[in-house]
Amino acid sequence: MSDEIEYGDESGLEKLDLTTPNFTDQNIQRIADLFPNVVTEGRDDDGNVKHVIDFDALKQELSDNIVEGPQERYHLNWPGKKKAMLAANAPINKSLRPCRQESVDFDTTKNLFIEGDNLDALKLLQETYLGKVKLIYIDPPYNTGKDFIYRDNFTADKDQYLEESGQRDEEGGRLVANPESNGRYHSDWLSMMYPRLKLARNLLRDDGVIFISIDDGEVSALQKMCEELFGSGNFVANIVWQKKYSPQNDATYFSDMHDHILVFAKNRRDKKSDTTGWNIDLLPRTEEQNARYTNRDDDPRGVWKAGDASVKSYSASYDYEIITPSGRVVRPPNGRCWFTSKENMKNLMEQGRIWFGEDGSNVPAIKQYLTDVKDGRVPTTWWTYEECGHNQEAKKEVNSLLPEYAGVFDTPKPIRLMKRILELSTKEDSDALIMDFFVGSASLPHAVQEFNSIDSGKRTCISVQISEKIQDTELDSIADLSKERIRRAGTKILEEYPDLAGKLDVGFRALKIDSSNMTDVWHSPERVSQDDLLSQVSNIKPDRTSEDLLFQVLLDWGVDLTLPISCESMQSKEVFFVDDNALAACFETGISEALVKQIAEREPLRVVFRDGGFDCDATKINAEQLFKHLSPHTEVKVI
């Protein structure tokens with residue numbers, strides 16, 4: 001093969017899209033894969049040709065299974081539901097900007113803290129973390145009339161959309177009060193929750209699970225919504241947690257002592273033999289449970305307890321006489337029979353597996369050995385404060401770490417409650433990815449640190465919290481307090497267990513949701529007048545750093561946001577390498593052919609440059625050919 005490179009005559013470098021997925025387009029493609037005949041062409045409001053669904057044709061394909069119009073069906077509906085569904089599918093032009101100064105162990109940690117609207121965060125994470133999260137726990141606003149909920153403007157006109165999607169000015173406050181006097185009191189809350197839960201389901205692994213804290217006010221509506229989004233067959237449990245240890249005597253009717261925790265699996269495992277779906281981990285056996293097992297006859301098989309040898313499912317062949325060692329003749333109770341055949345019962349008696357009491361004259365009992373019992377206990381749906389903590393305990397935990405902000409969080413969740421959820425979902429999966437997109441007081445990431453410190457686990461956590469200022473105070477934002485708790489919790493653990501230093505990940509990469517790094521002329525050229533063109537020479541906003549651009553590329557390419565990043569100087573230019581050779585990126589200007597060749601010789605899997613960063617048109621034209629010659633497997637793109 002000749003070493004001479006044949007340069008092309010024009011650049012074929014592909015541009016990265018740098019927007020979140022359009023789920024409507026993806027859904028159309030899924031339908032097209034099943035029924036290609038129902039997809040046709042139409043025009044949007046601007047006259048552009050696009051793929052559309054012919055619903056008449058689709059109805060023909062599903063003719064016997066369609067419910068429409070006033071026909072009765074079982075479903076949950078509310079004013080604004082259609083707009084909430086659209087909100088989940090609509091793409092956004094935003095990005096995540098790294099914030100090193102607010103991070104802990106930025107270069108080595110595998111945890112993320114995302115500051116911003118969680119609906120935006122869930123959309124931005126769709127490609128990178130699709131189907132990768134084992135456990136999601138959220139503690140959303142309970143809609144008590146005093147809570148603040150997210151303001152999602154589903155009726156924005158084009159100018160409003162551009163502003164709120166980050167293509168215009170920065171958006172203002174995102175949390176609003178939802179008083180009971182609001183005519184859409186329940187509807188607004190449901191509309192807030194629907195798109196977030198729909199996107200959250202996409203992130204769960206096939207064996208993933210979500211736990212959602214809620215009170216009596218919205219538990220029924222939330223369960224119906226989750227049954228729609230996750231499938232009614234994937235409902236696992238409605239756990240009742242005793243959140244208080246003493247009643248309130250000033251209650252009008254009943255003293256509220258509990259919260260609910262709804263549990264839905266991505267795929268429920270209905271049989272023990274199933275190999276797919278969420279598998280719950282057992283809780284440790286208690287000393288009280290083990291104390292029930294003794295060895296009253298020095299059985300070499302170990303401690304045991306007596307179990308009923310009769311069953312209520314009657315079979316005439318299992319209804320027979322048994323002669324006890326004392327000579328007494330016994331039969332099973334009326335309407336019942338023995339649990340096994342006469343022949344097998346005789347064998348068990350000879351093996352010493354049947355107990356007739358100290359004097360050998362009792363009704364026979366089957367010995368149940370501790371060694372045959374599961375190494376754990378199945379959890380119940382009643383979680384007491386003795387086992388899982390209570391609200392006052394949780395407040396003390398927060399206040400001990402953040403004494404100067406005591407009382408900011410009204411109803412934080414205790415560490416013991418979070419550990420119970422982690423134990424049931426990740427005890428046997430110590431590398432699990434965990435997520436909380438209403439992180440609030442940061443109880444879950446704190447609990448993840450402690451849980452990892454106990455079993456040397458490598459669980460990682462993605463935390464999301466809006467940066468709204470704390471209402472009616474001069475304090476920092478909720479997100480700032482969340483991050484500070486995680487910092488102090490990690491410091492405290494390492495002070496108590498210094499041998500864990502360097503082994504336990506107590507850090508996080510802080511990222512902030514912001515508008516796209518690209519200028520309006522790049523995303524929306526129709527919004528820029530001819531007079532503005534001179535100020536739009538670059539397609540990248542002037543206040544954005546190369547690291548900002550790198551993280552937007554990672555999002556668009558679906559690359560893990562916690563991979564190690566190194567920065568090298570090559571040909572006097574700054575070049576990033578992600579996870580060694582998974583991705584190379586250079587966003588400098590004046591990129592020479594020598595630099596392109598040097599990067600190509602490293603043979604990265606992917607490489608990205610600034611579109612206007614090449615020193616001349618010839619270098620840009622020849623860049624693709626250089627990679628084809630020196631590293632043909634490399635995917636080359638520009639922004």
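**Entry 1: two helices**

I started with a pair of helices, α17 (residues 593-601) and α18 (residues 617-630), whose axes come within 9 Å and cross at roughly 25°. An angle under 35 degrees counts as roughly parallel, so I put α17 and α18 down as roughly parallel to each other. I also checked the hand: α17 passes α18 in a right-handed crossing. A reminder to myself before going on: this is a predicted model.

Next I looked up strand β22, residues 509-515. Is it mostly covered or mostly exposed? I found it mostly covered, with six of its seven residues buried.

Then I went through its pairings. Strand β4 (residues 94-98) runs antiparallel to β22, and five bridges join the two. In that pairing I found P98 opposite L511 of β22. Strand β5 (residues 112-115) runs parallel to β22, with four bridges between them. Here F113 stands opposite A510 of β22. My summary for β22 is an antiparallel pairing with β4 and a parallel one with β5.

**Entry 2: a hairpin**

I moved on to strands β23 (residues 565-570) and β24 (residues 573-578), which pair in the antiparallel sense over six bridges. I picked out S569, whose bridge partner in β24 is E574. How many residues lie between the strands of this hairpin? I counted two, and noted that Q571 takes a positive phi near 55°.

**Entry 3: an open sheet**

Here I traced three strands in the order β12-β18-β17, which form an open sheet with antiparallel pairing. Which strands stand at the edges? They are β12 (304-308) and β17 (354-355); each has a single partner strand, so one side of each is left without a neighbour in the sheet. I looked at one of the pairings in more detail: five bridges join β12 to β18 (residues 365-369), and these strands run antiparallel. K305 has Q368 as its bridge partner in β18.

**Entry 4: cysteines**

I searched the whole structure for disulfides and found zero. For C586, the nearest cysteine sulfur is that of C567, 9.1 Å away, and C586 is in no disulfide. Is C586 buried or exposed? I read a relative accessible area of 0% for C586, so I wrote it down as buried. I looked up C461 as well, and C461 is buried, with a relative accessible area of 4%.

**Entry 5: salt bridges**

How many salt bridges does a search of the whole structure find? I got 39. I followed up a few of these.

The side chains of D319 and R331 meet in a salt bridge at 3.0 Å, N to O. They link distant parts of the chain, 12 residues apart: D319 sits in the loop between β13 (310-311) and β14 (322-323), and R331 in the loop between β15 (329-330) and β16 (337-338). D319 is partly exposed at 23% relative accessibility, and R331 is partly exposed at 43%.

Next came R420 and E387, which meet in a salt bridge at 3.3 Å, N to O. R420 lies in helix α12 (residues 415-426) and E387 in helix α10 (residues 385-388), 33 residues apart. R420 counts as buried at 8% relative accessibility, whereas E387 counts as partly exposed at 34%.

R416 counts as partly exposed at 31% relative accessibility, and E393 as buried at 16%.

Lastly, I found a network: salt bridges that share partners join R97, D514, D543, R544 and D548.

How values were computed
Residues numbered from 1 in each chain as written. Predicted model: local features only at pLDDT ≥ 70, side-chain atom pairs only at ≥ 80, totals over all residues. Heavy atoms only, no water. Buried < 20%, exposed > 50% of the residue type's maximum accessible area, 1.4 Å probe, protein only. Pairing = 2+ DSSP bridges. Disulfide = S-S within 2.5 Å. Salt bridge = Lys/Arg side-chain N within 4 Å of Asp/Glu carboxyl O. Axes fitted to C-alpha atoms, helices over the stretch in contact; angles between N-to-C directions. Parallel < 35°, antiparallel > 145°, perpendicular 65-115°, else oblique. Left-handed = near helix turned anticlockwise from the far one by under 90°.
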